[in-house]
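Good morning. Today I will talk about the inside of one protein. Please look at the sequence and the model on the screen.

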Amino acid sequence: MRPALSTAPAGTAATRESWLSGLCLSLAGIGILMGSITAEALFTGAYTTHTDTLSHLGASEPPESVVTQPSAAVFDVTMLVTGALIVAGAWLMRRDGTPKAPSIFTALLGIGVFGVGVFPLTHPGQHTLFAMTAFFSGGIAVILSARSLAQPLRTLGILLGTTSLAAILLGIFLIDWAPVARLGEGGIERWNAYPIVLWLVAYGSHLMSARPDGRKGAP
């Protein structure tokens with residue numbers, strides 16, 4: 001016997017999908033932050049946020065890659081789970097009526113994060129491809145998703161997204177410039193990554209606060 005079709009109002013369905021997408025994105029942001037902290041705390045050996053990137057928690061670069069456990073397992077599983085959550089959140093965002101562009105770039109962010117978990121630095125080519133996808137798509141997704149929001153969240157999101165993109169460009173093209181060199185490769189990467197992580201939590205919380213008519217935020 002086929003189940004009866006739902007007769008809930010459109011606004012109720014939209015609110016449910018908004019709530020679920022927000023939950024996925026917020027959990028992803030929290031997971032990345034806490035998973036990274038845990039992997040850093042469990043790392044045995046020399047590791048500094050100045051010299052080492054987040055990816056070094058999974059493995060160091062070839063030809064003599066070192067995989068330090070349990071940090072590597074914690075980091076890789078964190079990337080896999082949170083990447084899947086971000087992709088799911090992007091899909092739910094689109095179903096809830098979010099414009100295509102922010103949904104696509106959020107999905108690319110999730111794919112990039114998931115790929116980092118699949119391909120640690122022991123596979124440098126694939127890892128770099130997915131990491132760059134996450135870094136650039138994440139910053140763009142933050143800006144695009146923020147543009148449709150009311151103030152002050154709109155300005156906060158645009159600032160976070162711009163900071164993230166500026167940091168990755170500085171890390172690629174001006175790593176030897178004194179202010180960037182003082183931060184180190186690990187420091188400037190975190191200036192790229194953590195604004196995205198913070199936005200996942202903030203934007204996800206916003207999506208979970210949808211009004212009963214299915215709309216988010218102030219008009």
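I will go through the nonpolar core and then the cavities.

This is a predicted model, where local features need pLDDT of at least 70, side-chain atom pairs count only at pLDDT 80 or more, and totals for chains, interfaces and linings use all residues. Residues are numbered from 1 along each chain as its sequence is written, and side-chain values use heavy atoms, with hydrogens and water left out.

A nonpolar core is a set of buried Ala, Val, Leu, Ile, Met, Phe, Trp, Tyr and Cys residues joined through side-chain atoms within 4.5 Å; buried means under 20% relative accessible area with a 1.4 Å probe, protein chains only. The largest core has 30 residues, and among those touching the most other members are Leu 25, Trp 199 and Tyr 203. Helix 6 (178–208) is one of the helices that each supply at least two residues of this core; helices are DSSP runs of H or I, at least four residues, numbered from the N terminus. Helix 6 gives the largest share, 7 residues.

Now the cavities. On a 1 Å grid over the protein atoms alone, a cavity is a set of points where a 1.4 Å probe fits but cannot get out, and lining residues have an atom within 4 Å of a point. A volume is the space filled by probe spheres set on the points, which are joined across faces, edges and corners. There are 2 cavities of 30 Å³ or more. The largest holds about 250 Å³, and helix 6 gives the largest share of its lining, 6 residues.

Note on methods:
Buried < 20%, exposed > 50% of the residue type's maximum accessible area, 1.4 Å probe, protein only. 1 Å grid on protein atoms, 1.4 Å probe; cavity = no way out; pocket = protein on both sides within 12 Å on 5 of 7 lines; lining within 4 Å.
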